[in-house]
Amino acid sequence: MELPTLGWQSIVILVVFGVSLLIATYCTYAERVIAAFLQDRVGPDRAGPFGLLQPLADAVKLFTKEEFFPAGANKALFIMGPCLAMITALMSSAVIPFGNVIQFGNNVFNLQGIEVNIGMLWVFGIVSLGVYGVMIGGWASNNKFSLLGAIRAGSQNISYELAMGMALIAVLMISGTLSLREITLQQSQAGEWHFWNIVKQPLGFIIFLVCAFAETNRTPFDLPECETELVGGYHTEYSSMKMGLYLFAEYVNVFVASAVMSVLYFGGFNFPFQYELRDWLVSAQSWELMSAQNLISVLGLLGLFGKIFAFIFFFMWVRWTLPRFRYDQLMRLGWTILIPLAIFNILLTGGLILGGIIK
């Protein structure tokens with residue numbers, strides 16, 4: 001790899017991490033605004049115009065709070081827990097294709113941190129490691145409520161990762177690749193934008209969406225950190241920025257889950273009539289093909305973030321609308337409903353592929 005290209009990709013990786021952190025930070029603000037709107041009350045309005053500086057005020061508060069270590073806690077693991085949760089959350093965003101290629105002269109750059117042919121396997125592997133951050137933090141706290149929350153998180157993630165993985169298998173049967181970029185490009189054929197994978201896999205998408213709520217510990221699946229019976233759950237004993245890392249990791253995971261669903265089922269950076277727009281710019285407006293393609297890539301980047309923000313809003317809308325499940329209901333849903341549905345979806349997809357109905 002040439003040094004200029006390597007330098008460009010390094011910048012892209014830093015930008016991806018920076019954008020992930022920025023979106024996670026302002027998700028805390030969006031959460032409060034959406035909650036206030038749905039509950040017909042005033043949201044954050046003190047820190048800056050329209051409360052836009054509220055995330056900065058929260059960060060200052062978390063950084064300046066007292067560091068607390070419980071008696072009997074394993075200090076090394078107590079610190080490692082939130083760090084591991086945050087690192088794995090950020091690493092999972094590295095393989096997401098946020099846009100198509102941008103070309104400057106003879107140099108072609110991908111709007112993606114790293115491109116590997118096992119991108120979806122990377123995401124699943126890193127997300128699976130994320131539960132260790134919760135487990136380690138809950139165990140190292142030397143608190144029975146934290147330990148119970150960590151056990152809940154581990155069993156919940158294992159249960160719903162099975163259904164999520166089987167929902168993904170149906171997409172892989174259609175696409176024949178684990179590369180997120182290839183899966184996106186397969187949904188960009190000219191004249192076939194309306195055949196995104198959501199059309200081919202509606203049941204698989206619903207299963208994946210429900211499992212995404214469970215994997216990110218969002219209501220109605222927030223049993224590992226519920227306040228009604230476990231105080232604060234696995235992060236009961238945490239304070240200062242270690243607590244902030246757990247909170248930010250949750251929002252980064254929401255961002256990554258929204259991006260993965262947008263890529264797998266809603267065309268990623270593709271948007272309707274993108275090829276028609278490019279051809280019109282070249283033929284009617286006399287644009288160079290490279291300039292027209294660069295504009296399409298930028299519009300696709302904006303379109304993907306629009307899809308991601310729509311999913312993030314949906315996550316927050318559900319949180320402030322639906323009540324929490326009981327833990328037995330949560331486990332029953334995963335093992336007796338979602339997993340059988342995912343198996344049925346695999347068999348149905350295989351039959352449609354053999355019958356030549358879907359390709």
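## Annotated transmembrane regions

The unreviewed UniProt entry places the feature "transmembrane region" at residues 6-29, 76-99, 119-141, 162-181, 193-214, 251-275, 295-318 and 330-358. The structure described here is a predicted model.

Two of these spans can be compared with the model. Residues 119-141 are 96% helix and 0% strand, and the C-alpha atoms at the ends of the span lie 34 Å apart. For residues 295-318 the figures are 100% helix and 0% strand, with 35 Å between the end C-alpha atoms.

## Largest pocket

The volume of the largest pocket is about 800 Å³. Its lining is made up of 34 residues, and those closest to the centre are Glu 225, Met 243, Leu 247, Tyr 251 and Arg 319. By class, the lining of the largest pocket contains 13 charged, twelve nonpolar and nine polar residues.

Which helices each supply at least two residues of this lining? They are H1 (3-38), H2 (54-64) and H10 (240-265). H10 gives the most, with seven residues.

## Cysteines

The model has zero disulfides. Such a bond would join the sulfur atoms of two cysteines covalently.

Conventions
Residues numbered from 1 in each chain as written. Predicted model: local features only at pLDDT ≥ 70, side-chain atom pairs only at ≥ 80, totals over all residues. Heavy atoms only, no water. Disulfide = S-S within 2.5 Å. 1 Å grid on protein atoms, 1.4 Å probe; cavity = no way out; pocket = protein on both sides within 12 Å on 5 of 7 lines; lining within 4 Å. Points joined across faces, edges and corners; volume = space filled by probe spheres on them. Helix = DSSP H or I, 4+ residues; strand = E, 2+ residues; numbered from the N terminus. Nonpolar A, V, L, I, M, F, W, Y, C, P; charged D, E, K, R; others polar. UniProt positions renumbered as here; feature names shortened; annotations may be inferred.
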